Structures are given as C-alpha cells and as structure tokens.
Amino acid sequence: MSLSLKKFGRRLDALSTENRVLVNEGADSAVLSGLSAADATEVAALVGDAGLVWSAEHAADGALDSSADFDPALEPFRLTVEKPAMEPAVVLFTLAGLRQWLERDASSPAWKHAQTDKPFTTLARRFLAWDERLQPDAQSVRRPAPRDLVRESGDPSVPARVEPWLLDMPLPLMPFGDPVFDEWAHYSIRMARRCLANEILADGTIVYSGPPKLKVNGKVDMQVSKELLFQFQRALRWVYETDHQAEIRHGLMGAELSRHSIDGDITPATLEAAIEGAKIAYQLSLSDISKDSLKAIADVRKAVTEEINKTADIARQLATAVAGAVFLGLGVVAARVTSSAPPTILIALSVVLGAYVGAIIFTSAHYMGLQEDLRSDWKQRFFSFLGTEDYRKLVTDPLTAAKKGFVIVSWIAGGISVAMVIGVIILMMIDFGPPTQKNTPGATLTAPTSATPAPNAGAPAP
C-alpha cells in the first residue's frame, strides 16, 4: 500500500508543479481541483490502487459516480480523497500539502507522509514512515519563544515556537535526499533566518542589528545545502538554549551576523564565523571582562594587596614589640641580680611590658575583624559581579593566608610575654643576698691606730 501511496503522491506533486492540479490537504481529506478529464482519470486510478476512497465533482457541481464519467466537456474536475484515520498524526500525501502544513506552523506532534523514506525527529515533531507505529510523545524541554525576541511590524511571520525547527538528532546524520526532509529543511532555513533576526519590517525585510545593519529580502528563499542547514541548526540551538540567556545570545548573534555578512549574503562560512564570534562575546559578558569590570577587578587586587601588606606590617610590629619587651625583661632580671632594686617595681615593670604586647595583639586583631566586616559589605554591594569561586580566589584565600601568619605570630608573642612575666615574678622571689664588693688592685693596707696615748708618751727622758 505504501508504494502505491508514494506513487500517488509523487504524481500529484508532478501535476502540481506543472500547474495541472491545485492540491489542498486538510486533516481528513485531500481536495484536488482543476483536473482535466485525462488527469482526473489517471489520479482516480492511482487512488484506487492505493486503496483509498474518493469522490468527484465536475464544473457544474455535479457528483460523478465513477471515473468513466470524466467527460472533457465537464472539465475541470475536483476529486476529494479521504485520508485514513491515524490520529493524532497528521496524514499527508504530497509535498505540496506538506508545505501548506509547514506554513501553518501546525503543532501536531506526529506527521505521517506517504513519501517519507527516512524518518526524522525534531524537538516538537516526529516525521514517520507510513507503516511506522506511533510511539508515546517524549516531553522535550520548552525553549524560549522567538516572538518574544524578534520585533515585527506586519503580520506575524516568526514561528511561535522554535522546537519544530530544531532537529533532535546528531546534525551530521541529517537525512538529506529524503523528499520530506528536504522540504522541511527548506522551511527550517526560512524560519531560522526569522528567528535569528532582530526585526522584520512590514514589507518582509529581515533586519539584523549592527553596526552596520544587515537587511535581507525575506521573500527570497536561500539555496538549501547541508552545510547551510547545519550552521543554522547550530545557531538556533545555541541562541534558544535557555530562557535566561536567550535575550543576550540573540542580540549577540544578530550583531555578529551583521558584522560578518558584509556583502549582505549569509553563507555557511559567515554563519560559522558569527556563531564563534557570538560565543566569544557571550563568554566575555559572562566573565565581565570589560573595561569597567577589569578596572573593578584591578581595584579589588589593589585593595587585597594593601590589606595583605598591612597585615604583614602588623605582624612585624608585633615581633618588634616582643623583641623590645624581651630585651627590657632581660634588663629587669639583670637589675634584680646585680642591684638591690625593689622587687615590686621590677614586677610592675614586667607586667607593663606584657600588657603592652597584649594591647598590640588586641588592637591588631580588632582591626582585622573590622576589615572582615567591611569585606562582607563590599562583596554584596560593590563586587557582586564576581562569582563565589572568583571572589574566593581573588580575596578570601590570600587574606586568609595573611591572617594565618598574623595569628601564629600573635600566639608566639603572647606566649613569650606571659613566660617573661612569670619568669620575672619567680626571679623576684629568689633571694640573691647583698651585693658583693671587690678590692681594688694596688691598694695598701694601713694599721689601725688607737686613740689611747701610749704609756710615758709625754714623760721626759731620764
């Protein structure tokens, strides 16, 4: 039956090309108008071979009972061919009928065509062979609506949905050579030009935003080729991938198409270049690698570097303070050992030195805490363009490493200060005795003299 149907459909298409019949395929029947007696006789025979039911009328609106009644005097004839019920599929015999249904942008999910040799699938339609069984419809992801992105001045010519024009198969496996697919490819390219446009004027002119603007005559179809369809499919897939990215991608694609199609002709090469250019521009917009964002990132790096330097300076100041405190602590110990300075004063002096180091540690930690609070505000207000990962690499990780060094120095400084104070207190509790006095070399000893006069000291000599 399928071979007879295919022969019937091809013959009707040949007659339609020669303007010998007007084909109008509806959902339930195909109406063939303007047939001559000879053509009506031939078509009726083909319909009978295909096992279909037909009825005929002549020019005077009179019904005919059989093909024997096709009298040339009653021309033209109109045949109505009943279609087999294959719901929910759209049943079609001819390529002329397929064009009518494609232009309507019908939303039926399954299409059965008598001339389909290589079945294929789009995101919204399945083009099946005549004998192929219907399968449950797979739910595809809803894509953005082209009419939300393309401005139109006249009657709508942009499809309501992009899914029927996107193949759901690997692009290198496109079944070119199948008459149904070739016809679909012709309309897919036509719709793709409109879906990628920025504006369609009332006279049908397709406009792609520039600079410079590219204007294409939308009433003249492009020559179908595998390379051209392949690139248009790539462009549609990328632009209409997700809702929240479609508007940006659509604008970039229109600008790139206009920029690369300088001679006003869209070719596979210009499409490929436009796709790559739009992808690069989109990646740059995602990364915010623009003049302003680069300046902002440079400011972030400068601020982080300055804060790291301040943290390093604080650590150095703290180390210097500890070194000075330890030096003075050693002086306190030496004073205790070599002099009779009061222990209370020496202990108070060591406590002051320890408190000095502690004050430096406290003020430094407080300053770093304030800086962390300020960074939190910066991130939300001024650096929201940085992603979480980028902010971590640019800001959080370097400052965390700098703070870690400060914390280590603080613990060491605090430990040394506490040990110094405790050591001084312990030393103050030890009695080292009175300080010793050494003799000066070269000194002479003198005998002690008595204040009592010697006997007979004042008597005269005998």
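Glu183 counts as buried because its relative accessibility is 12%, where buried means under 20% relative accessible area, exposed over 50% and partly exposed in between (1.4 Å probe, protein chains only). Its salt-bridge partner is Arg99, with the closest N and O atoms 2.8 Å apart; a salt bridge is a side-chain nitrogen of Lys or Arg within 4 Å of a carboxyl oxygen of Asp or Glu. Arg99, at 32% relative accessibility, counts as partly exposed.

The structure is a predicted model, in which local features need pLDDT of at least 70 and side-chain atom pairs count only at pLDDT 80 or more, while totals for chains, interfaces and linings use all residues. Residues are numbered from 1 along each chain as its sequence is written, and side-chain values use heavy atoms, with hydrogens and water left out. The predictor's confidence in each residue is given by pLDDT, from 0 to 100. For the protein chain the mean pLDDT is 82, and 85% of its residues reach 70 or more. Over residues 437-462, pLDDT stays under 50, and the model has 0 contacts there beyond four places in sequence. Contact means heavy atoms within 4.5 Å.

Salt bridges number 17 in total by the rule above. Helices (H or I, at least four residues) and strands (E, at least two) are DSSP runs, numbered from the N terminus. A salt bridge also forms between Arg234 and Glu276, whose closest N and O atoms are 2.9 Å apart. This pair links distant parts of the chain, since Arg234 is in helix α5 (residues 226-239) and Glu276 in helix α7 (residues 268-287), 42 residues apart. Glu276 counts as partly exposed, at 35% relative accessibility.

Helix α5 also holds Gln231. With a relative accessible area of 6%, Gln231 is buried. Leaving aside residues up to four places away in sequence, Gln231 touches Pro268, Leu271, Glu272 and Ile275.

Within helix α8 (residues 291-338), Asp313 and Arg316 are 3 residues apart, and so are separated by about one helical turn. Their side chains meet in a salt bridge at 2.0 Å, N to O. Asp313 counts as partly exposed at 32% relative accessibility, and Arg316 counts as partly exposed at 49%. Salt bridges that share partners also join Lys6, Arg10 and Asp117 into one network.

Aromatic pairs number 13 in the structure. Rings of Phe, Tyr and Trp (its six-membered ring) pair if their centres lie within 6.5 Å; planes under 30 degrees apart count as stacked, over 60 as edge-to-face and the rest as tilted. The pair of Trp111 and Phe127 is tilted because the ring planes stand at 40°, with the centres 5.3 Å apart. Trp111 is in strand β7 (residues 110-113) and Phe127 in strand β9 (residues 126-128), so this pair ties together parts 16 residues apart in sequence. Trp111 and Phe127 are both buried. The pair of Phe120 and Trp184 is also tilted, its ring centres being 5.8 Å apart and its planes at 55°. Phe120 lies in strand β8 (residues 120-121) and Trp184 in helix α4 (residues 179-196), so parts that are 64 residues apart in sequence are tied together. Phe120 and Trp184 are buried as well.

These four residues belong to one aromatic cluster, together with Trp101, Trp165, Phe176 and Phe181. Arg104 lies over the face of Trp101, at 4.6 Å from the ring centre, and Arg125 lies over the face of Trp165, at 5.2 Å from the ring centre. A charge sits over a ring if NZ of Lys or CZ of Arg is within 6 Å of the ring centre and within 35 degrees of the ring normal.

An open sheet is formed by 4 strands in the order β6-β7-β9-β8, with mixed pairing. Strands β6 (90-92) and β8 stand at the edges, each with a single partner strand, so one side of each has no neighbour in the sheet. Two strands pair if DSSP finds at least two bridges between them. Strands β6 and β7 run parallel and are joined by 3 bridges. Opposite Val91 stands Lys112 in β7.
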